[in-house]
Amino acid sequence: MRRPTILVVDDDRAIQELLNELLREAGYEVRSACSLAAAREVIRQQRPDVLILDVRLPDGNGLDLCAQLQHDPATLDLPVLVLSSLAHGSDFVAQGLDRGGYDVLAKPFVNEELLARVHTLVRLRR
């Protein structure tokens with residue numbers, strides 16, 4: 001059986017490495033991107049099962065990518081976990097969900113909470 005693939009999009013190398021290790025140990029295949037452009041390419045070529053997406057990226061706002069994915073029939077069902085240090089306010093959470101995110105989690109996060117949310121999103125995709 002194929003392992004679910006998680007795409008981690010974050011320009012912070014430390015966060016990428018932490019998520020990559022955590023997700024691999026949990027049994028997932030992991031891909032990484034550090035920009036919106038790179039994320040779009042991975043999504044197009046590799047069709048991940050879940051996207052973990054930071055909001056602040058060097059080439060734009062991750063929420064813009066969420067909205068684009070939601071309006072594209074090819075990616076409409078791609079679950080997106082929005083991950084950001086900005087996620088502490090209820091307005092941000094609402095905005096993340098309104099723009100196409102399936103879930104929003106604040107940095108710093110608890111590893112077990114992140115994994116539980118990823119597991120839930122993977123089950124939605126299957």
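How many Å should the 13 residues of helix 1 span, and how far apart are its end C-alpha atoms? In this predicted model, helix 1 covers residues 13-25.

At its start, a side-chain oxygen of Asp12 comes to within 2.9 Å of the backbone nitrogen of Ala14. After the helix comes Gly27, which has a positive phi, near 100°.

Between these ends, the buried residues of helix 1 are Ile15, Gln16, Leu19, Asn20, Leu22 and Leu23. Their cover includes strand 1 (5-9), strand 2 (29-33), strand 3 (50-54), strand 6 (80-84) and helix 5 (111-125).

One of these buried residues is Asn20. Its relative accessibility is 12%, and buried means under 20%, so Asn20 counts as buried. Leaving aside residues up to four places away in sequence, Asn20 touches Val8, Val30 and Ser32. With Ser32 there is also a polar contact between the two side chains, at 3.0 Å.

Strand 6 and strand 7 pair in the parallel sense, over 4 bridges. Within this pairing, Leu81 stands opposite Asp103 in strand 7.

Which residues of strand 7 point one way, and which the other? Asp103 and Leu105 point one way, while Val104 and Ala106 point the other way. In a regular strand, side chains alternate between the two faces of the sheet. In strand 7, the residues pointing either way are all buried.

How values were computed:
Residues numbered from 1 in each chain as written. Predicted model: local features only at pLDDT ≥ 70, side-chain atom pairs only at ≥ 80, totals over all residues. Heavy atoms only, no water. Helix = DSSP H or I, 4+ residues; strand = E, 2+ residues; numbered from the N terminus. Expected span 1.5 Å × (residues − 1). Buried < 20%, exposed > 50% of the residue type's maximum accessible area, 1.4 Å probe, protein only. Contact = heavy atoms within 4.5 Å. Polar contact = N/O pair within 3.5 Å; in protein donor to acceptor, adjacent residues only side chain to side chain. Pairing = 2+ DSSP bridges.
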